[in-house]
Amino acid sequence: MRKAKPKKRILLPDPKYGDVLVTRFVNRLMLDGKKSIAYTIFYDALDIVGEKMKNAEKAPLEIWKKAVENITPQVEVKSRRVGGATFQVPIEVRPERKVALSMKNLVIFSRKRAGRSMAEKLAAEIMAAYNEEGAAFKRKEEMHRMAEANKAFAHFRF
C-alpha cells in the first residue's frame with residue numbers, strides 16, 4: 001500500500017481469560033488456520049505451568065505474562081548502509097514490535113525444544129522464560145549485547 005496505512009484489526013479477547021494478548025499469542029502459535037487446536041495447546045500449557053509452579057503463588061496467566069515480559073527486547077540492531085560500508089545500528093524497538101518479537105521467540109524456541117507434546121514444550125519454555133533462562137531469554141540477551149557492542153554507530157540512526 002503506497003499511501004494509506006492499513007487499518008489495525010481489532011482482536012477479540014480469548015474465551016477463557018478474556019485477554020487480547022492471549023489471542024495474539026494463540027494466533028502466533030496457530031498453524032494452518034487451526035485456531036481451536038492452538039487454544040487447546042495454550043490452555044494445556046498453562047495447566048502444566050500451574051501444576052509445576054504451585055509454589056509461585058501466581059496464576060498461570062500471570063506467570064505467562066511475566067515470562068513474555070522477561071523475553072521482551074528493548075533494543076535491536078538494524079543494518080544501515082553508509083558509504084559502501086554496512087553498519088549494525090542499534091535502535092529502540094516499537095511497543096507493538098516488542099510484544100510481537102517476544103511472542104515469536106517464545107513460539108519458535110518452544111517448537112525447537114525436546115518433549116512429547118507441544119503443550120509440554122511450550123510450558124517448559126514459559127517456565128524457563130519466567131525464571132530468566134532458556135533459549136528465548138538468551139535471544140533477548142544476545143540482541144541487547146549486539147546493540148551494546150554497536151553503540152558507537154548510534155549516530156547513524158534514521
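**Figure 1. Crossing of α1 and α2.** The crossing of helix α1 with helix α2 is right-handed (a crossing is right-handed if the near helix is turned clockwise from the far one by less than a right angle, and left-handed if anticlockwise). The contact draws on V22, T23, F25, V26, N27 and L29 from α1, and on K35, A38, Y39, I41 and F42 from α2; contact means heavy atoms within 4.5 Å. By class, eight nonpolar, two polar and one charged residues take part (Ala, Val, Leu, Ile, Met, Phe, Trp, Tyr, Cys and Pro count as nonpolar, Asp, Glu, Lys and Arg as charged, and the others, Gly among them, as polar). Helix α1 covers residues 20-29 and α2 residues 35-52; the two pack at an angle of about 115°, with their axes 9 Å apart. Axes are lines fitted to C-alpha atoms, for helices over the stretch in contact, and angles run from 0 to 180 degrees between N-to-C directions. The two helices are therefore roughly perpendicular to each other (65 to 115 degrees counts as roughly perpendicular, under 35 as roughly parallel, over 145 as roughly antiparallel, and the rest as oblique).

The model is predicted: local features need pLDDT of at least 70 and side-chain atom pairs count only at pLDDT 80 or more, whereas totals for chains, interfaces and linings use all residues. Residues are numbered from 1 along each chain as its sequence is written, and side-chain values use heavy atoms, with hydrogens and water left out.

**Figure 2. Packing of α1 on α4.** Helix α4 spans residues 95-112 and packs with α1 at an angle of about 45°, the axes being 10 Å apart. That angle makes α1 oblique to α4. The crossing of this pair is right-handed. On the α1 side the contact is made by L21, R24, F25, R28 and L29; on the α4 side by E96, V99, A100, M103, K104, L106, V107 and R111. These residues divide into eight nonpolar, no polar and five charged.

**Figure 3. Aromatic pair F25 and W64.** The whole structure holds seven aromatic pairs (rings of Phe, Tyr and Trp, the last by its six-membered ring, pair if their centres lie within 6.5 Å; planes under 30 degrees apart count as stacked, over 60 as edge-to-face and the rest as tilted). F25 and W64 form an edge-to-face pair, 5.4 Å centre to centre with 70° between the planes. The pair links distant parts of the chain, with F25 in α1 and W64 in helix α3 (residues 60-70), 39 residues apart. Both F25 and W64 are buried (under 20% relative accessible area; exposed is over 50% and partly exposed in between, with a 1.4 Å probe and protein chains only). Ring pairs link Y17, F25, Y39, F42, Y43 and W64 into a cluster.

**Figure 4. M30 in the loop between α1 and α2.** M30 lies in the loop between these two helices. M30 counts as partly exposed because its relative accessibility is 24%. Leaving aside residues up to four places away in sequence, M30 touches K35 and A38.

**Figure 5. Elements of the protein chain.** The chain has six helices and two strands, in the order α-α-α-β-β-α-α-α from the N terminus on. Helices (H or I, at least four residues) and strands (E, at least two) are DSSP runs, numbered from the N terminus. Of the 158 residues, 37% count as buried.
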